[in-house]
Amino acid sequence: MACEPDLDTDLDEGPGLDEVLWQAWLALELPEGYHAEIIEGSIEVSPTGRRSHALAANRLRRALDAHLADGDLAAHQDLNLLHGRKVYIPDVVLAPEDLDEIPDPNGWGVDATRVSLVAEVVSPGREARQRDLVRKHRAYAQAGIPVYLVIDDRDGMGHVTVHTEPDPKKGVYEASTRVPYGTEVTLSEGPAKGFVIGVSITGEPRGA
């Protein structure tokens with residue numbers, strides 16, 4: 001007598017969604033000017049930021065590097081942040097300056113456990129805002145990133161938000177400080193404690 005296949009068993013033996021997405025991400029060949037992330041069960045492809053986006057991210061990176069000049073941490077851009085089989089590409093990542101000291105035989109990026117701060121300069125458009133303000137908020141909290149810094153030109157006349165105290169189980173940051181462009185905000189914890197975000201990074205309030 002022929003045996004019917006056990007569909008549940010066959011499905012259980014296959015790779016899980018995280019592994020499928022990971023292998024698909026590794027195989028991607030994107031045109032210049034685009035990058036891909038694995039966020040909440042999907043591969044998300046987006047273009048690199050506009051000129052104003054790049055300027056703010058560059059100013060932030062340089063200022064962080066100056067603030068941390070005497071330490072062994074550095075601000076990085078265009079760096080894959082790995083959390084298991086998930087991949088994020090923050091605009092700025094604060095991690096060890098010498099990334100070679102972090103075990104990663106394939107050189108895909110930096111493990112989230114070695115990251116002290118991530119920053120996003122919010123891009124225009126509803127989908128981009130949902131990604132940075134909702135999905136990545138959850139993702140970075142779940143990864144336990146201590147500080148998530150958001151620079152948002154399109155929040156009123158521009159606002160900076162500093163999220164701290166991540167709760168990985170809930171996927172939220174328990175504390176947040178939000179200030180308008182033109183008002184300085186100082187990081188109160190972590191290796192970048194005392195770092196000030198003001199108009200030298202954000203520019204003047206929009207529409208002022």
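Modeller: A term to begin with: a residue is buried under 20% relative accessible area, exposed over 50% and partly exposed in between, with a 1.4 Å probe and protein chains only. Helices (H or I, at least four residues) and strands (E, at least two) are DSSP runs, numbered from the N terminus. This is a predicted model, where local features need pLDDT of at least 70 and side-chain atom pairs count only at pLDDT 80 or more, while totals for chains, interfaces and linings use all residues. Residues are numbered from 1 along each chain as its sequence is written, and side-chain values use heavy atoms, with hydrogens and water left out.

Biologist: What share of the residues of the protein chain count as buried?

Modeller: The protein chain holds five helices and 13 strands. Its C-alpha atoms fill a box of roughly 80 × 40 × 35 Å along the principal axes. Of its 208 residues, the buried share is 41%.

Biologist: Which residues of helix α2 are buried, and do they lie on the same side or on opposite sides?

Modeller: Helix α2 spans residues 17-27, and its buried residues are L21, W22 and W25. They cover an arc of only 105° around the axis, taken from the directions from the helix axis to the C-beta atoms. In general, an α-helix has 3.6 residues a turn, so residues three or four places apart point the same way.

Biologist: Which strands do the buried residues of α2 pack against?

Modeller: Packing here rests on contact, meaning heavy atoms within 4.5 Å. By that cut-off, the strands packed against the buried residues of α2 are β1 (34-39), β2 (42-47), β4 and β5 (86-88).

Biologist: Is D152 buried or exposed, and which side chain makes a polar contact with its side chain?

Modeller: D152 is found in strand β9, residues 147-152, and counts as buried because its relative accessibility is 4%. A polar contact is a pair of N or O atoms within 3.5 Å; within protein, one must be able to donate a hydrogen and the other to accept it, and residues adjacent in sequence count only if both atoms are side-chain atoms. At 2.8 Å, the partner of the D152 side chain is the side chain of R129.

Biologist: Where is D78, and is it buried or exposed?

Modeller: D78 has a positive phi of about 55° although it is not a glycine. Its place is in the loop between β3 (73-76) and β4 (81-83). Because its relative accessibility is 70%, D78 counts as exposed.
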